[in-house]
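Biologist: I'm new to reading structures. Could you walk me through one?

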Amino acid sequence: MLTPMAGLCAAGLVASVIGHPTCFDVLFGVPPKPEGERHAPAETIAIDKPTMLRFNELLLARGVYKADMKYYISTVHTDEDIDMAIAVFREAAAVLASEQ
């Protein structure tokens with residue numbers, strides 16, 4: 001399971017993480033699929049956009065920029081950058097869950 005998915009589950013949010021571990025996105029309001037199953041295109045369109053935008057705001061307020069597109073991890077990110085982003089992701093997920 002991708003680390004982001006673990007953070008979302010721990011916060012009790014309904015969401016799916018799709019893509020590759022280095023290039024992924026979160027679909028809020030879309031329940032996760034069993035391992036090996038993919039979401040249909042209609043499912044990926046039916047996301048909870050207001051929740052996604054609020055999550056992006058929470059990330060930015062904590063120093064992690066994420067546009068309306070996927071998360072990209074690159075070779076210029078250090079281990080410390082990635083650890084910080086994971087911590088911020090979990091914190092933002094917890095705040096988001098407490099607001100719902």
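Modeller: Let's begin with charges: Lys and Arg count as positive and Asp and Glu as negative, while His and the chain ends are left out. Each charge is placed at NZ of Lys, CZ of Arg, CG of Asp or CD of Glu. In this protein, the mean positions of the 8 positive and 13 negative charges lie 5 Å apart.

Biologist: Where does the model come from?

Modeller: It's a predicted model, where local features need pLDDT of at least 70, side-chain atom pairs count only at pLDDT 80 or more, and totals for chains, interfaces and linings use all residues. Residues are numbered from 1 along each chain as its sequence is written, and side-chain values use heavy atoms, without hydrogens and water.

Biologist: How many helices and strands are in the protein?

Modeller: Helices (H or I, at least four residues) and strands (E, at least two) are DSSP runs, numbered from the N terminus. Here you get four helices and three strands, in the order α-β-β-α-α-β-α.

Biologist: And H39, is that buried or exposed?

Modeller: Buried means under 20% relative accessible area, exposed over 50%, partly exposed in between (1.4 Å probe, protein chains only). H39 has 15% relative accessibility, so it counts as buried. Across the protein, 29% of the 100 residues are buried.

Biologist: Where is H39 found, and what does its side chain make a polar contact with?

Modeller: A polar contact is a pair of N or O atoms within 3.5 Å; within protein, one must be able to donate a hydrogen and the other to accept it, and residues adjacent in sequence count only if both atoms are side-chain atoms. H39 sits in the loop between β2 (23-28) and α2 (41-45). Its side chain makes a polar contact with the side chain of S16 (3.2 Å), and the H39 side chain also reaches the backbone oxygen of P31 at 3.1 Å.
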